[in-house]
Amino acid sequence: MATQPKPAEDDELLFDMSVSFCGIKLKNPVLAASGTFGYGVEFEDIVTIEKLGGFVSKGLSREPMPGNPPPRLWETAAGMLNAIGLQNIGAKAFVEEKLPLLRKLKNVPVFCNVYGTCNEDYEETIRILNDGEGITAYELNVSCPNTQHGGMTFGADPTLLAEVVTVAKKAATRPLIVKLSPNVTSIPQMAKIAQDAGADAISLVNTFVGMAIDVETRKPRISNIVAGLSGPAIKPIALRMVYEAAKTVTIPVIGIGGISTAEDIVEFMLAGATAVEVGTANFWDPCASERLVDQLEKWCLEHRVQKISELTGGMLLS
């Protein structure tokens with residue numbers, strides 16, 4: 001007896017998980033966020049990195065940085081405080097020691113997070129990275145709250161933000177993504193300033209400034225006193241800010257903040273994000289980014305989403 005073809009309604013849905021921005025095509029919209037995925041190579045024994053849309057390196061500076069003294073981490077309700085202080089090996093060591101190992105990975109876009117304490121630092125760090133083969137784009141860190149100089153100092157001041165983005169864009173030979181701070185009066189204003197200064201895309205949000213105190217010792221839980229709050233606790237605020245920024249600019253937006261489920265990713269895309277970065281979830285589950293790729297594919301199949309990029313900005317208001 002001849003085998004009968006399956007009814008059309010039972011056919012497996014063909015779908016496209018890829019997204020594109022700044023001339024970069026990602027196999028899916030899931031990136032591992034800066035500061036939560038090391039230099040990438042540390043995770044290759046436990047994560048199939050090739051399944052990710054890509055990853056963002058630890059913040060890289062002109063010279064190596066030791067970071068802040070411990071304690072530097074504290075778990076909070078539905079989140080985490082951290083004040084690592086951008087400890088890193090420096091841009092030159094990254095190009096010489098880490099990048100050759102990353103080039104062995106197949107089809108894994110590498111985004112380098114760039115940090116400085118002055119415009120010259122940002123410029124010189126980018127020039128060092130320009131010589132590195134295999135880097136996809138730069139993410140300009142103007143939003144870290146855990147350093148005494150630089151970082152959020154730039155991201156919270158409209159004039160300084162415009163200056164540093166202009167300098168970085170002139171130096172960069174690759175697309176420039178500007179990572180914005182949520183610790184500002186107006187996210188739309190800062191997003192527009194970044195765009196006008198030459199940013200090819202923006203990513204948001206970085207951590208919120210917070211703190212915790214040990215009531216027994218009456219001392220701060222973090223040696224830096226204040227720290228950056230991340231995790232599910234910040235997601236509703238981050239989502240609102242992504243929505244506001246996406247309505248304001250014409251360049252692509254990458255959503256960040258408390259993402260731990262496939263539904264979280266879909267929310268950020270509906271709010272206007274082209275892609276997302278998964279951060280704090282990597283601390284409690286080192287395989288979180290890979291797991292979310294699988295869960296997102298399943299969600300798309302169950303909801304018959306044929307092209308995931310069409311979710312971007314697709315929130316219905318009525």
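How close do the axes of helix α6 and helix α7 come, and at what angle do they cross? Select residues 235-248 for α6 and 262-270 for α7: the two axes come within 9 Å and cross at roughly 30 degrees. With angles under 35 degrees counting as roughly parallel, α6 is therefore roughly parallel to α7. Keep in mind that you're looking at a predicted model.

From α6, the contact uses K235, A238, L239 and V242, while α7 brings D264, E267 and F268. Sort the residues of this α6 and α7 contact by class and you get 4 nonpolar, 3 charged and no polar ones.

Next stop, the largest pocket. Start by selecting S34, G35, T36, N82 and N206, which lie nearest the centre of this pocket.

As background, most peptide bonds are trans, and most residues other than glycine have a negative phi.

- Select P70 and P71: the peptide bond from P70 to P71 is cis, with omega near 0 degrees. P71 sits in the loop between β4 (54-56) and β5 (73-76).
- Go on to A78, in the loop between β5 and β6 (79-82). A78 isn't a glycine, yet its phi is positive, at about 60 degrees.
- Then jump to L204 and V205, where the peptide bond is again cis, this time with omega near 15 degrees. Look for V205 in the loop between β10 (201-204) and β11 (208-211).

Last, colour the chain by pLDDT. Which stretch falls below 50? Mean pLDDT for the chain is 93, and 93% of the residues reach 70 or more, but over residues 1-11 the value is below 50. Select residues 1-11 and look for contacts beyond near neighbours in sequence: the model has 1. Where pLDDT is low, the predicted coordinates should not be read in detail.

Conventions. Residues are numbered from 1 along each chain as its sequence is written. This is a predicted model: local features need pLDDT of at least 70, side-chain atom pairs count only at pLDDT 80 or more; totals for chains, interfaces and linings use all residues. Side-chain values use heavy atoms; hydrogens and water are left out. On a 1 Å grid over the protein atoms alone, a cavity is a set of points where a 1.4 Å probe fits but cannot get out, and a pocket is an open set with protein on both sides within 12 Å along at least five of seven lines; lining residues have an atom within 4 Å of a point. Axes are lines fitted to C-alpha atoms, for helices over the stretch in contact, and angles run from 0 to 180 degrees between N-to-C directions. Helices (H or I, at least four residues) and strands (E, at least two) are DSSP runs, numbered from the N terminus. Angles under 35 degrees count as roughly parallel, over 145 as roughly antiparallel, 65 to 115 as roughly perpendicular and the rest as oblique. Contact means heavy atoms within 4.5 Å. Ala, Val, Leu, Ile, Met, Phe, Trp, Tyr, Cys and Pro count as nonpolar, Asp, Glu, Lys and Arg as charged, and the others, Gly among them, as polar. pLDDT is the predictor's confidence in each residue, from 0 to 100.
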